[in-house]
Amino acid sequence: MSKTTEVTDEALIAAVRQPSIGSSARAYTERVRRGDMGALPAVLGLLVLCTAFAVARPSFVTAINFANLFTQGAAITVIAMGLVFVLLLGEIDLSAGFTSGVCAAVLAVLLTNMGMPWYVGVLAAIVTGTVIGSVLGGLVAKIGIPSFVVTLAAFLAFQGLVLVLVNEGTNISINDPVIKAVAQRNLPPALGWALYAACVAAYALVQLVRARKRASRGLVSDPISLIAARVAALAVLAGAAVYLLNLERSLNPAFASLSGVPVVVPIIVALLVLWTFVLRRTAFGRHLYAVGGNAEAARRAGIAVDRIKVSAFMICSSMAAVGGIIAASRASSVDPNTGGSSVLLYAVGAAVIGGTSLFGGKGRVLDAVLGGAVIAVIDNGMALMQYGASVKYLVTGFVLLLAAGVDALARKRAAAAGLR
Amino acid sequence: MTPLLEVRGIDKSFGPVQVLHDVTLHAHAGEVTALVGDNGAGKSTLVKCIGGIHPIDAGEIVFDGKPVQVHGPRDAGELGIEIVYQDLALCDNLDIVQNMFLGRERRSGLVLDEATMEELAQQTLSGLSVRTVKSIRQQVSSLSGGQRQTVAIAKAVLWNSKVVILDEPTAALGVAQTAQVLELVRRLADTGLAVVLISHNMNDVFAVSDRIAALYLGRMAAQVRTADVTHAQVVELITAGRSGDLGLKNGVTP
């Protein structure tokens, strides 16, 4: 190894040994230089896009548009969260979009046509997703058909299934107030602040307790300054978001007041926390990464690779069902196009833009949220610029390609730096 | 002294090709047994049979004086037989601790017990006097070949294993790293483990082994004490299956 890499190795190692803000920052820049960019492209992209749209269309930075971003991006983000699990294994689920359509249609049929209560509909939709995932995963893991082909077939078949469920093309409206609240209602401002305080406090507590526990056993632990910086960053960013969302955004407040954090936001935060916990703190999550990194090593370590694969597809399709419910809630209806057109590509794009690798083994649930934000901003900004569908498709296709390109180049660079 | 691990009369065929003929091998605790043989002699197949990857057609495996059935890697692991394969089977995207505990993570309740795993990994590495690895939270992708080999070996001994089988651990390493790994192999045996070392390199074999077992075309040509044979004799055993009084008597035609 050359002298320079040894020096940078020292930087990485020093950060692992006795981390401080400075050494952590140095280790991070070093990782980025070696090609492990993580969420950096998504964050930079978000900043650039927001600035550009804000300059071109002042209406982009209004409170109402900020709230719209969340409800517009929610369904894509949730589907992308599920896709992260499949992408972690180096597989793909092209049917996730129409899976969300099928599940939304199941929900609509149960609620509107059969008059079931909302919880039955939601449960049935999610179970439908889980069953779909287990079938897809079974075909991939047990029979060994490439996931690309299995899910491409499912992509076509589920379009048909949606049509069957909505009687060859009718539009089923959803009138259930609970379901409609998911993507259309807001939390009372006070509740928004309360949840915000609870989240920041819980985050700080978890970080502190972990550091204390590790320090008491003589293990390397994060210094208090680093924890404080992280907590402060979360507090500022989330606080700003809650403040903006709590602003009055109705055009005529006297007629109907409109303010508060959209209901989908706490739902997404809860899903983010849940799946991050599963991936990072449980044996199942560890095994997912292992199978994605080296399936043969995982198999020899006694991990049931097939079972991990099937579970990943089940999680993916179940999350697609949740995404479908959110989409149905936002549109107040389900039609043959629910989950169709660009939903899947947006969702895959969101995961990849966020930093999840298409080659497996690398990715976080947070990536889906960051990438989902990028997609939502593009979609929203382009609409404000009054571009037609043609330009929107072209730009989104280009962005997806760009993200995949960054991923592939980062991988190449990492290989050159001996990281892979 | 009875051997810790003994395989007797193992036959193994893949379809019409018989790869192992009546193979016998023993490994003693506290000793390094070198398993040598030319390409295709059946070394890897024999190891995979012991490790439960391949089912055996005939013969028996005796562990600690008792005949045992090994139907899969799990069975082998439970007996205390660990195999470090040539490709190491490490996950590049995980760190050293995560790799060492892969598939056997410590948990407290539902949550992974990272602190305990880190402590145990640290103890194992320092118990093997490994000082080349600077942080055990490094990703394996950032390690050198010798360090990876060290991690793979440490992973194998973490589980109170009694027999460690190493498949060509030095094949891809440079001179200094080879010396480090051989030193580690010797230390494993000195701590009381039975070590089986597959190697092509006569220097390595003579440097660390106590006994040499030579396979020739799927048959065990000879098992001898390293001190009793010369370099040339071992090469003859590998290439011709016999060397003077040693080796296969009836002569095997290739």
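This is a predicted model: local features need pLDDT of at least 70, side-chain atom pairs count only at pLDDT 80 or more; totals for chains, interfaces and linings use all residues.

Me: Which residue meets Arg8(B) in a salt bridge?

Reply: Side chains of opposite charge can pair when their charged atoms come close. Here the partner is Glu60(B), at 2.8 Å from N to O, and the rule asks for a side-chain nitrogen of Lys or Arg within 4 Å of a carboxyl oxygen of Asp or Glu. Because Arg8(B) lies in strand 1 of chain B and Glu60(B) in strand 4 (residues 58-63) of chain B, the pair ties together parts that are 52 residues apart in sequence. Glu60(B) is partly exposed too, with a relative accessible area of 31%. Helices (H or I, at least four residues) and strands (E, at least two) are DSSP runs, numbered from the N terminus.

Me: How many residues lie between strand 1 and strand 2 of chain B?

Reply: In a regular strand the side chains alternate between the two faces of the sheet. Strand 1 (residues 5-14) and strand 2 (residues 17-27) of chain B pair in the antiparallel sense over seven bridges, and two strands count as paired if DSSP finds at least two bridges between them. They form a hairpin with two residues between them, and Gly15(B) in the turn has a positive phi of about 60°. Within this pairing, Ile10(B) has Val23(B) as its bridge partner.

Me: How far apart in helix 6 of chain B are Asp190(B) and Arg186(B)?

Reply: An α-helix has 3.6 residues a turn, so residues three or four places apart point the same way. Asp190(B) and Arg186(B) are four residues apart in helix 6 (residues 175-190) of chain B, and are therefore separated by about one helical turn. Their side chains meet in a salt bridge of 3.4 Å, N to O. Asp190(B) is exposed, with a relative accessible area of 55%, whereas Arg186(B) is partly exposed at 22%.

Me: What area is buried between chain B and chain A?

Reply: The size of an interface is often given as the accessible area lost when the parts come together. For chain B and chain A it is about 2,700 Å², of which carbon and sulfur atoms give 55%; the figure is the accessible area (1.4 Å probe) that the two parts lose on being put together, summed over both. In chain B, Asn93(B), Leu112(B) and Lys134(B) lose the most area to chain A, together 19% of what that side buries. The contact (heavy atoms within 4.5 Å) takes 31 residues from chain B and 28 residues from chain A.

Me: How many salt bridges cross this interface of chain B and chain A?

Reply: The rule finds three. Arg286(A) forms a salt bridge with Glu114(B), and their closest N and O atoms are 2.6 Å apart. Both belong to a network of salt bridges that links Arg214(A), Arg286(A), Asp95(B), Glu114(B), Glu118(B) and Arg137(B).

Definitions and conventions:
Residues are numbered from 1 along each chain as its sequence is written. Chains are lettered from A and ligands numbered from 1 in the order in which they are written. Side-chain values use heavy atoms; hydrogens and water are left out. Buried means under 20% relative accessible area, exposed over 50%, partly exposed in between (1.4 Å probe, protein chains only).
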